[in-house]
Amino acid sequence: MIKFLDLRKINQHCAAELDEAAAAVIHSGQYILGEKVSRFEEAFARYCGTKHCIGVASGMDALTLIFQAYKIMGKLAAGDEVIVPANTYIATLLSVTASGLTPVLVEPDEETYTIDPELIEEQITSATKAIIPVHLYGQLADREHVHRLAEKYNLLVVEDAAQAHGAAQENGTKAGNLGDAAAFSFYPVKNLGAFGDGGAVTTNDDDLAETIRVLRNYGSQEKYYNAYKGYNSRLDELQAALLLVRLNYLDTENEQRRNNARRYLQELKNKKIRLPAYSGGSDHVFHQFVIRTGDRDRLQHYLNDKGIETMIHYPVPPHKQQAYAEWNRLSFPVTERIHDEVLSLPVNPALTNEELTYIINSLNAY
């Protein structure tokens, strides 16, 4: 079986460094908000090109803390509307509703699967205060159009960069530095994955950064004195130490993902399969390589019989989930069609050329 993602194989080349980093933390006796977290925050902020990085417990917490901090700062209030792509993982919406805000769903562009910038403006009302461009599957959402609207209507831009570590515009500006703030996830399957849960906020806003630093630690700046009703949401020392090692290889692994994707794009010739759009540049880091077909389940079974593991990202859109039963009758036909047809192929940097050739030949023979 060609695994969809083999984390042991991916980390094998730096296993000795990871072992050393983990041992150093274990023997340090310092496990929460210590030197490793500070070093990772500095390194990741530098990598993204931002002034600040604040390590938190997960990607969803990163988004939630951004919204809660903006409420404390008076830039958001309960009930405010936030523009969110209908085609996203549910965590994006959960962070909005958990913060007492109102998501307003917008259909995606059917070529890129990211929010359709042409449809955003018609959903903006006097209650709209923010837009979340989600860099889905590792591809940057349209920044230019979103920022034009943000300036026109005085809206906050909060990037959901959970799948886009290292994705960059032509001018070199990276995900995490394309809005007022950004949320990253370091869940193990991400391009920059930890060995457990983890996340971070990046921003150039000093006040926002300081507010989130306090919020993540029970709302406390000084032990036992709490300024806000905060959270326990801290990136731990062990994950920070391991992420420092993994960060050294991120660009190389992203380029390998792009090389794998280029082979698929050049060599897949089956008319039953719709390939993803790709500019050819660094604006996509191929967290997932997502194809579409009208008989997705049959194709997945066929590939499984061939010894090729695939995944579906994602089978059920957020507005059809039981958790949001109040939205179940809403219709977003583009989103629904995408969720019925998408299938993710292995694209991880540990794939061999022989494995890729076998996957391509199997798909072309389908």
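Strands (E, at least two residues) and helices (H or I, at least four) are DSSP runs numbered from the N terminus; two strands pair if DSSP finds at least two bridges between them. The model is predicted: local features need pLDDT of at least 70 and side-chain atom pairs count only at pLDDT 80 or more, while totals for chains, interfaces and linings use all residues. Residues are numbered from 1 along each chain as its sequence is written, and side-chain values use heavy atoms, with hydrogens and water left out.

Strand 1 (residues 52-56) runs antiparallel to strand 7 (residues 199-203), and 5 bridges join the two. Within this pair, Val 56 stands opposite Gly 199 of strand 7.

His 52 belongs to strand 1 and is buried, with a relative accessible area of 15%. Buried means under 20% relative accessible area, exposed over 50%, and partly exposed in between, for a 1.4 Å probe and protein chains only. Leaving aside residues up to four places away in sequence, the contacts of His 52 include Ala 45, Val 201, Thr 203, Asp 206 and Arg 213; contact means heavy atoms within 4.5 Å.

## Salt bridges

The structure holds 16 salt bridges, each defined as a side-chain nitrogen of Lys or Arg within 4 Å of a carboxyl oxygen of Asp or Glu. One of them joins Arg 216 to Glu 41, with the closest N and O atoms 2.8 Å apart. Arg 216 lies in the loop between helix 8 (206-215) and strand 8 (220-222), and Glu 41 in helix 3 (residues 35-48), so the pair ties together parts that are 175 residues apart in sequence. Arg 216 is buried at 7% relative accessible area, and Glu 41 is buried at 8%.

Arg 292 forms a salt bridge with Glu 110, the closest N and O atoms being 3.0 Å apart. This pair links strand 10, which holds Arg 292, with the loop between strand 3 (102-106) and helix 6 (117-120), which holds Glu 110; the two residues are 182 residues apart. Arg 292 is buried, with a relative accessible area of 2%, whereas Glu 110 counts as partly exposed at 21%. Both belong to a salt-bridge network that also links Arg 337 and Glu 341.

## Strands 10 and 11

Strand 10 (residues 289-292) and strand 11 run antiparallel and are joined by 4 bridges, with Val 290 opposite Ser 344 in strand 11. Both faces of strand 11 (residues 342-345) are covered: Val 342 and Ser 344 on one side, and Leu 343 and Leu 345 on the other, are all buried.

## Packing of helices 2 and 9

Helix 2 (residues 15-28) and helix 9 (residues 237-247) pack at an angle of about 155°, with their axes 9 Å apart. Axes are lines fitted to C-alpha atoms, for helices over the stretch in contact, and angles run from 0 to 180 degrees between N-to-C directions. The two helices are therefore roughly antiparallel, the class for angles over 145 degrees. Residues meeting across this pair include Leu 18 and Ala 22 in helix 2 and Leu 238 and Arg 246 in helix 9.

How values were computed. Angles under 35 degrees count as roughly parallel, over 145 as roughly antiparallel, 65 to 115 as roughly perpendicular and the rest as oblique.
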